[in-house]
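Welcome! Here is a short tour of one protein chain, starting from a single residue and moving out to the whole fold.

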Amino acid sequence: MIKFLLLVHLLCLLVGRAYDQIRNSIAHPKLNVKICASHSGITVGEDGATHQMLEDFGLMRGIPNMTVMCTSDDIQTKWAVEQIAKFNGPVYLRLCRLATPLIYNENQKFELGKGIQIGEGTDATIFATGVTVSEAIKAQEELSKRGINVRVVDIHTIKPIDEELIIKCAKETKKLISIEDHSIIGGLRNHYIRSFNRKISCKTCKNRHKR
């Protein structure tokens, strides 16, 4: 008996061409299908604008029952593939095309839906996902030389996003920054701001009710 179906495609353009099938035939009936897609964002620059998929997070996030992930290095990718194989339900896993530096060691603990905080800086939080995590760490190291201490948060699970960690960082740091290989519309920035605003709005409503 097949426990899960793993779909592998060379291009993230898959989600554009097959959106109807993914939405209606996979996500709505909650089929146990895993979609892995690479060649995302502007990292495929030499292939031209037609191949630069900058909308896939937005498309996949909006589909009911769909879990959305984006990994930052080899070790995290291996964990993600093993994790989604055990997970019951549709998953979209975005993979990068380019070789990226190793960020984690084999002993790193990952959890679906839980971001990873790197550093304890209080000047700012840099939220990143996928290929941009290593770039955020480079920025973190460079800024530390200038006396600016920031923390990096690897959001490997875009949906469901780690709202608890987002709120924690908002309380503990002075600024929130996002770096992503995606359009700001429907991407990581849009998602964490929405999560933050929803938490604040809920708190405001509760305070008003108490009054």
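## Glutamine 76

Let's begin in helix α4 (residues 74–86), where you will find glutamine 76. Keep in mind as you look around that this is a predicted model.

Is glutamine 76 buried or exposed? Its relative accessible area is 0%, and because the cut-off for buried is under 20%, glutamine 76 counts as buried.

## Around the side chain

A polar atom of the glutamine 76 side chain sits 2.9 Å from the backbone nitrogen of serine 72. Setting aside neighbours within four places in sequence, the contacts of glutamine 76 are Cys70, Thr71, Tyr104, Phe110, Ile116, Asp154 and His156.

## The chain as a whole

Stepping back, the chain is built from seven helices and nine strands. It has 211 residues, 45% of which count as buried. Take the contacts between residues at least 6 apart in sequence: 79% of them link residues at least 24 apart.

Mean pLDDT for the chain is 85, and 86% of the residues reach 70 or more. A friendly caution applies: where pLDDT is low, the predicted coordinates should not be read in detail.

Definitions and conventions
Residues are numbered from 1 along each chain as its sequence is written. This is a predicted model: local features need pLDDT of at least 70, side-chain atom pairs count only at pLDDT 80 or more; totals for chains, interfaces and linings use all residues. Side-chain values use heavy atoms; hydrogens and water are left out. Helices (H or I, at least four residues) and strands (E, at least two) are DSSP runs, numbered from the N terminus. Buried means under 20% relative accessible area, exposed over 50%, partly exposed in between (1.4 Å probe, protein chains only). Contact means heavy atoms within 4.5 Å. pLDDT is the predictor's confidence in each residue, from 0 to 100. A polar contact is a pair of N or O atoms within 3.5 Å; within protein, one must be able to donate a hydrogen and the other to accept it, and residues adjacent in sequence count only if both atoms are side-chain atoms.
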